[in-house]
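I want to look up the strands, then the aromatic rings, then a pocket.

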Amino acid sequence: RHQAFLRTGWEITRRWRVDGGVFYVSPLPAIDIPERWDLHARVGWRPRDRFELSVAGRNLLPSPPEFRTATSYAPLTEPEPSVYGQLRLEL
């Protein structure tokens with residue numbers, strides 16, 4: 001029913017950056033879904049002006065099952081934590 005999020009980014013130095021976000025979804029009692037909090041985070045490093053290496057994580061907080069429609073009897077989906085890396089080259 002209600003959702004809120006707060007995102008932030010911090011350029012620590014010219015070469016290092018940290019980004020993050022906290023997300024909230026209110027409970028949906030009619031379909032038995034509890035409230036949900038989530039955290040995403042990213043750290044990026046630019047060893048050269050047009051090249052960046054970063055690592056990021058999504059769904060970093062333990063959370064209850066996520067969603068189902070009011071008419072569905074399918075099991076709830078559970079978001080899995082994930083971590084990934086990225087290489088980016090600006091041409």
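I started at R7, which stands opposite G21 in β2. The numbering I use starts from 1 along each chain as its sequence is written, and this is a predicted model, where local features need pLDDT of at least 70, side-chain atom pairs count only at pLDDT 80 or more, and totals for chains, interfaces and linings use all residues. Side-chain values use heavy atoms, with hydrogens and water left out.

**Strands**

I looked up which strands pair with which, strands being DSSP runs of E with at least two residues, numbered from the N terminus. Two of them count as paired if DSSP finds at least two bridges between them. Strand β1 (residues 3-11) runs antiparallel to β2, with 9 bridges, and a hairpin of 4 residues links β1 to β2.

Next I followed β2 across to β3. They are antiparallel too, joined by 10 bridges. I noted two partners here: F23 has D38 in β3 as its bridge partner, and V25 has R36.

Then I went from β3 to β4, an antiparallel pair with 6 bridges. The hairpin that β3 and β4 form has 2 residues between them. W45 is found opposite L53 in β4.

How does the whole sheet go together? I read it as an open sheet of 5 strands in the order β1-β2-β3-β4-β5, with antiparallel pairing. β1 and β5 (82-89) are at the edges with a single partner strand each, so one side of each has no neighbour in the sheet. From one strand to the next, the twist averages 15°; the axes behind such angles are lines fitted to C-alpha atoms, and angles run from 0 to 180 degrees between N-to-C directions.

**Aromatic rings**

How many aromatic pairs are there? I got 3, with rings of Phe, Tyr and Trp (its six-membered ring) pairing if their centres lie within 6.5 Å; planes under 30 degrees apart are stacked, over 60 edge-to-face, and the rest tilted.

One of them is W16 with W45, a stacked pair at 5.9 Å centre to centre with 25° between the planes. W16 is in strand β2 and W45 in strand β3, so this pair ties together parts 29 residues apart in sequence. Partly exposed is what lies between buried (under 20%) and exposed (over 50%), with a 1.4 Å probe and protein chains only.

I also checked Y24 with W37, which is tilted: 4.8 Å centre to centre, 50° between the planes. Y24 sits in strand β2 and W37 in strand β3, so the pair ties together parts 13 residues apart in sequence. W37 is partly exposed as well, with a relative accessible area of 43%.

**The second largest pocket**

Last, I looked at the second largest pocket, which holds about 150 Å³ of space. A pocket here is an open set of points on a 1 Å grid with protein on both sides within 12 Å along at least five of seven lines, and lining residues have an atom within 4 Å of a point.

β2, β3 and β4 are the elements that give two or more residues to the lining, and β2 gives the most, with 4 residues.

Technical notes: 1 Å grid on protein atoms, 1.4 Å probe; cavity = no way out; pocket = protein on both sides within 12 Å on 5 of 7 lines; lining within 4 Å. Points joined across faces, edges and corners; volume = space filled by probe spheres on them.
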